[in-house]
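Subject: Structure handover

Hello,

Please find the structure below. My notes on it follow.

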Amino acid sequence: PPIKKPLFLEQSDVRFPDAIRVTEAGEEAEGYCQWLHDWFQSAPSEYLPDRTAWLQHCRQLQAAAKPWSPLNRARSSDEESLIDLYDFMTALNEASTECHIFTTDAGGNYYVAGQVLTFEQGQRELTSGSFAAMGISLPLAIGAAVAEPNKQILAVTGDGSLELNIQELKTMAFYKLNILL
């Protein structure tokens, strides 16, 4: 779609190269955002592809049985004594409520959390996302515990990630933070 007015950089905004602000001539940013929103609401179909089939496919995947569900996986007798990460995260998901904040970092716990956690009870998760930063779960948990002292923090991490910030166990203990690791 054609933009009503051109965008330009104001000379006064170039003082800080890392924080260049783009402004629009003669129109406030809020007005431009409203115009853009209105355009998308009434845009001709040639600009916006029909995603009905894709959304239906996604809803079918959501409703389908999950391959990681304990009910859908066969385990050998040798595996029965092992802790399965999918089973563990499923149990955490089912036991958690709006009083819980999850923190995850790199590796299996991040990927499994993304598949298993449903956030249907108002839970939240702090993570580095697809950056998969190793060792960030414990620092995130400390920050969450300080910011939300009435919530219980469920920090899920692996042995390698824990080694990167193992000294923070002292921080947890010293400040008596409400973190389950």
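Is Phe-102 buried or exposed? Phe-102 is buried, because its relative accessible area is 0%, under the 20% cut-off. Please keep in mind that this is a predicted model.

Aromatic pairs

The structure holds three aromatic pairs. One of them joins Phe-102 and Phe-119 in an edge-to-face arrangement, with 6.5 Å centre to centre and 90 degrees between the planes. Phe-102 belongs to strand β3 (residues 100-104), while Phe-119 sits in the loop between α4 and β4 (124-126), so this pair ties together parts that are 17 residues apart in sequence. Phe-119 counts as partly exposed, at 32% relative accessibility.

Phe-174 and Tyr-175 also form an aromatic pair. This pair is edge-to-face, at 4.9 Å centre to centre and with 85 degrees between the planes. Phe-174 is exposed, and Tyr-175 is exposed as well.

Helices α3 and α4

Two packed helices are described by the angle between their axes and the distance between the axes. For helix α3 (residues 85-95) and helix α4 (residues 108-116), the axes come within 10 Å and cross at roughly 55 degrees. That angle makes α3 oblique to α4. The crossing of α3 past α4 is right-handed.

On the α3 side, the residues in contact are Leu-85, Tyr-86, Met-89, Thr-90 and Asn-93. They meet Gly-108, Asn-109, Val-112, Ala-113, Gln-115 and Val-116 of α4. By class, this contact of α3 with α4 has six nonpolar residues, five polar ones and no charged ones.

Regards

How values were computed
Residues are numbered from 1 along each chain as its sequence is written. This is a predicted model: local features need pLDDT of at least 70, side-chain atom pairs count only at pLDDT 80 or more; totals for chains, interfaces and linings use all residues. Side-chain values use heavy atoms; hydrogens and water are left out. Axes are lines fitted to C-alpha atoms, for helices over the stretch in contact, and angles run from 0 to 180 degrees between N-to-C directions. Helices (H or I, at least four residues) and strands (E, at least two) are DSSP runs, numbered from the N terminus. Angles under 35 degrees count as roughly parallel, over 145 as roughly antiparallel, 65 to 115 as roughly perpendicular and the rest as oblique. A crossing is left-handed if the near helix is turned anticlockwise from the far one by less than a right angle, and right-handed if clockwise. Contact means heavy atoms within 4.5 Å. Ala, Val, Leu, Ile, Met, Phe, Trp, Tyr, Cys and Pro count as nonpolar, Asp, Glu, Lys and Arg as charged, and the others, Gly among them, as polar. Rings of Phe, Tyr and Trp (its six-membered ring) pair if their centres lie within 6.5 Å; planes under 30 degrees apart count as stacked, over 60 as edge-to-face and the rest as tilted. Buried means under 20% relative accessible area, exposed over 50%, partly exposed in between (1.4 Å probe, protein chains only).
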